[in-house]
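Here is a short tour of one model, written to be read with the structure open beside it.

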Amino acid sequence: MPLDATLLEVLACPDTHHAPLEYDARAQTLTCQECRRVFRIDNGIPVLLLDEARMAGEGDR
């Protein structure tokens with residue numbers, strides 16, 4: 001399920017820098033452009049919890 005374009009414009013990393021997030025429709029993830037945390041999207045709902053994010057590159061092997 002694709003995310004709404006308006007929602008993507010306002011979403012930001014929940015860490016203190018609040019950097020923009022990059023959407024990957026195929027992987028259903030949002031990646032912070034600053035800290036490289038990857039947040040999953042469950043059933044069309046972004047899970048923007050720092051404790052549940054992974055770092056880019058983890059699990060890619």
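The largest nonpolar core has eleven residues: Leu3, Leu11, Cys13, Ala19, Leu21, Leu30, Cys32, Cys35, Phe39, Ile41 and Ala53. Such a core is a set of buried Ala, Val, Leu, Ile, Met, Phe, Trp, Tyr and Cys residues joined through side-chain atoms within 4.5 Å, where buried means under 20% relative accessible area with a 1.4 Å probe, protein chains only. Two or more residues come from each of β2 (29–32) and β3 (37–42); strands here are DSSP runs of E, at least two residues long, numbered from the N terminus.

This is a predicted model, in which local features need pLDDT of at least 70, side-chain atom pairs count only at pLDDT 80 or more, and totals for chains, interfaces and linings use all residues. Residues are numbered from 1 along each chain as its sequence is written, and side-chain values use heavy atoms, leaving out hydrogens and water.

What about the cysteines? The structure holds zero disulfides (pairs of cysteine sulfur atoms within 2.5 Å).

| Cysteine | Nearest cysteine sulfur | Distance |
|---|---|---|
| Cys13 | Cys32 | 3.8 Å |
| Cys32 | Cys35 | 3.5 Å |

Cys13 counts as buried because its relative accessibility is 1%, and Cys32 is buried at 0%.

Now to the strands, which pair if DSSP finds at least two bridges between them. β2 and β3 are antiparallel, with three bridges, and Thr29 has Arg40 as its bridge partner. Four residues separate these strands in a hairpin, where Arg36 has a positive phi of about 65°. β3 also pairs antiparallel with β4 (residues 45–46) over two bridges, and with β5 (residues 54–55) over two bridges.

Key. Buried < 20%, exposed > 50% of the residue type's maximum accessible area, 1.4 Å probe, protein only.
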